[in-house]
Structure formats: structure tokens, C-alpha cells
Amino acid sequence: MSLGGLLLTAAGCNLENEVDVVLPAYTPELVVECYLRAGEVPRLTVVESGTYLPSKADGTGQPVITLPTAAVPTLGLGINGITIQVPVDVTVRLTLPGGQSVPLQFAPGIDPLTRKVFTHIGTAPLAMQPGQRFGLDVRDTRGHHVTGSTGVPTFVPIDTVRYASNGVSGPDRRFNFVTRFTDPAGTADYYRLLLTNQRDLNDSEGDYLVSDQVFDGQSYTFPTTYRFTPGDTMTATLFHMEPDYYNFQQSVRGAISANGNPFAQPARIRSTVQGGLGVFTVLVSDQRTVVLK
């Protein structure tokens with residue numbers, strides 16, 4: 001057989017072969033999400049983790065994701081057409097800076113502003129000062145026990161926000177957006193800058209993480225490209241973060257980048273809690289809003 005015939009024969013072979021891979025059994029964990037803010041009633045969300053890969057389709061053409069079944073009934077909480085099963089046997093206690101332990105009641109709901117689901121809520125707004133610490137204790141009747149501790153960062157204000165045009169008139173006129181702040185000297189500090197546009201509050205126009213390793217005690221500027229249009233209402237929110245929350249945010253971004261990439265190493269979320277998964281932190285931020293004209 002000639003070389004050309006051999007290549008044609010090889011090209012006609014079916015090299016696809018389905019292989020069933022037996023995955024190891026997965027042990028569910030409690031997943032908590034709790035962000036504390038001064039002057040706000042504390043809220044917490046707790047669910048159970050599930051397997052990464054969905055089960056086979058149920059005839060609808062869509063994958064079926066089966067959440068772990070608790071030993072006690074779960075409550076189906078609907079949001080945006082999706083039903084989230086939350087365990088009902090979880091008790092939550094928040095430890096205040098003075099040592100007082102207060103319970104968060106199981107009262108599932110949806111925040112009308114952020115559209116985020118919460119499962120437990122406190123009864124009174126929180127008072128806090130920089131340097132104070134809060135504790136978290138979450139447990140269910142099946143042996144899961146999650147704990148966490150977080151401090152209150154100092155307030156770092158935004159110095160200025162400004163914008164400039166690209167010098168073009170008419171329909172091609174565009175603006176950039178610049179945020180500037182000054183870092184406290186002599187300490188290791190971590191920041192997150194979130195930019196949003198009033199046109200779509202659910203989609204960020206910029207989400208940046210940065211540490212002060214190269215600008216300790218100096219001013220720092222976040223510029224954007226010329227991509228905003230006249231009349232856009234831009235909001236800059238600057239968060240001063242604890243190291244654990246900064247690492248959590250970095251790990252989330254790493255996991256998103258690795259998801260679906262066959263050449264990337266698996267990335268594990270670096271939780272700020274112990275005994276489970278998730279995040280517990282205090283949010284301290286400054287915010288500025290400007291209409292681009």
C-alpha cells in the first residue's frame with residue numbers, strides 16, 4: 001500500500017471512544033457566606049456542597065445536579081427560576097467583639113437589592129470599630145461544624161474619581177474612568193476596587209485586586225480604557241480587605257480561570273472558615289459615583 005493510501009485509511013478510522021470513569025464518593029460539606037457591615041443587620045447563607053460533575057440527563061437534554069440529601073428535610077428556595085435546597089437543621093451564632101454570643105435566626109429570603117439568597121438573619125444592626133474581631137459558629141445535627149474569625153479593617157477613603165474623553169465627537173465619543181486612593185504607610189494592606197455602571201448593576205465594569213507591596217504609603221491610581229459612553233453613571237467602590245479575604249478572592253479567580261481549561265492545574269478555593277467551605281469577613285468600603293458628561 002502506498003503512503004497516500006495508508007494516510008487515507010488512518011484518516012477514516014474512528015478514534016473516538018467513550019470511557020466511563022468511576023468517580024470517588026463525595027462527602028458533602030457546609031458552605032457558608034457571611035459579610036458583615038457596620039450599621040447593618042447580619043445575614044448569612046449556608047448550603048451543602050455537592051459533586052462537581054452533574055449526573056446524566058433526565059430526558060430534557062439538560063444535566064441533572066442532585067444536591068446532597070440531609071437527614072432532615074430541606075427547604076426549596078426559588079430565585080431566578082432556580083430552586084436552591086438549603087438545610088433546615090443548621091444553627092448559627094455570631095460572637096461580638098465584647099464576647100457576647102448572639103444567634104442568627106433561620107429565616108430564608110432574598111435581598112431585594114442584591115438578589116442574593118440568605119438563610120439566617122440577626123435582629124439588630126452591628127456596631128464595629130477598626131481592629132475589633134467577630135467570631136462565627138455554624139453547626140448542624142449531622143456533625144458538621146464550621147467556625148470562623150474576622151477583624152474590622154481600617155477605613156481607606158477614595159481620594160478622587162475623574163474621567164476624560166477620547167477627544168472624539170459624535171457617536172464615537174468615549175470616556176475612561178480613573179480612581180485614586182492613598183495607602184496607609186507601614187502596614188501590609190490589600191484592596192479590591194469594583195466598578196459598576198448604572199446601566200447594568202449586575203455586571204461589573206472592572207474588578208481589581210491589589211496589595212500595597214509596591215506602593216506602601218503612596219497614592220495608587222486605577223485607570224480604565226476609553227469604553228464608556230456619555231450619560232453613563234459610574235460607581236467606584238474601594239474595599240480595604242483582610243489578608244484571608246484577599247486570598248479567598250484570588251483563589252476564586254484562579255478557580256474560574258482553571259475551570260474548563262484542560263491545561264490548567266485544578267484550583268481550590270481558599271476558604272476563610274474552618275471545618276467547611278466559604279467566606280466570613282467584614283466589608284469596609286468607600287464609594288464614589290459620577291455621571292459622565
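**Asp-232 and onward**

Q: Which residues does Asp-232 touch, leaving out those up to four places away in sequence?
A: Asp-232 touches Asn-197, Arg-199, Val-290, Val-291 and Leu-292, with residues up to four places away in sequence not counted. Contact means heavy atoms within 4.5 Å.

Q: What should I know about the model and the numbering?
A: This is a predicted model, where local features need pLDDT of at least 70, side-chain atom pairs count only at pLDDT 80 or more, and totals for chains, interfaces and linings use all residues. Residues are numbered from 1 along each chain as its sequence is written, and side-chain values use heavy atoms, with hydrogens and water left out.

Q: Where does Asp-232 lie?
A: Asp-232 is in the loop between strand 14 (219–223) and strand 15 (233–241). Strands (E, at least two residues) and helices (H or I, at least four) are DSSP runs numbered from the N terminus.

Q: Does Asp-232 count as buried or exposed?
A: Asp-232 counts as buried because its relative accessibility is 2%. Buried means under 20% relative accessible area, exposed over 50%, and partly exposed in between (1.4 Å probe, protein chains only).

Q: What lies 2.9 Å from a polar atom of the Asp-232 side chain?
A: The backbone nitrogen of Thr-229.

Q: Next, strand 15. What about Thr-237 there, buried or exposed?
A: Thr-237 lies in strand 15 and counts as buried, because its relative accessibility is 7%. Its side chain and that of Gln-287 are joined by a polar contact of 2.8 Å. A polar contact is a pair of N or O atoms within 3.5 Å; within protein, one must be able to donate a hydrogen and the other to accept it, and residues adjacent in sequence count only if both atoms are side-chain atoms.

Q: And His-145, buried or partly exposed?
A: His-145, in strand 9, counts as partly exposed because its relative accessibility is 34%. The His-145 side chain makes polar contacts with the side chains of Asp-137 (2.8 Å) and Arg-139 (2.9 Å).

Q: How many residues apart in sequence are His-145 and Gln-274?
A: They are 129 residues apart in sequence, and 8.4 Å apart in space, C-alpha to C-alpha. His-145 also touches Gln-274.

Q: Zooming out, how many helices and strands are in the chain?
A: The chain has two helices and 18 strands. Of its 293 residues, 35% count as buried.

Q: How many residues does the largest nonpolar core have?
A: That core has 23 residues, and Leu-94 and Phe-280 are among those with the most contacts inside it. Strand 1 gives the most to this core, with four residues. A nonpolar core is a set of buried Ala, Val, Leu, Ile, Met, Phe, Trp, Tyr and Cys residues joined through side-chain atoms within 4.5 Å.
A second, separate core of 18 residues includes Phe-215, Phe-228, Met-234 and Val-290.

Q: Which residues does Leu-94 touch?
A: Its contacts beyond four places in sequence include Leu-36, Pro-42, Leu-126 and Phe-280.

Q: Last topic, cavities. Which residues line the largest cavity?
A: The lining is Ser-149, Thr-150, Glu-242, Asp-244, Tyr-245, Thr-272, Phe-280 and Thr-281. On a 1 Å grid over the protein atoms alone, a cavity is a set of points where a 1.4 Å probe fits but cannot get out, and lining residues have an atom within 4 Å of a point.

Q: What is the volume of the largest cavity?
A: About 40 Å³. Grid points are joined across faces, edges and corners, and a volume is the space filled by probe spheres set on the points.

Note on methods
On a 1 Å grid over the protein atoms alone, a cavity is a set of points where a 1.4 Å probe fits but cannot get out, and a pocket is an open set with protein on both sides within 12 Å along at least five of seven lines; lining residues have an atom within 4 Å of a point.
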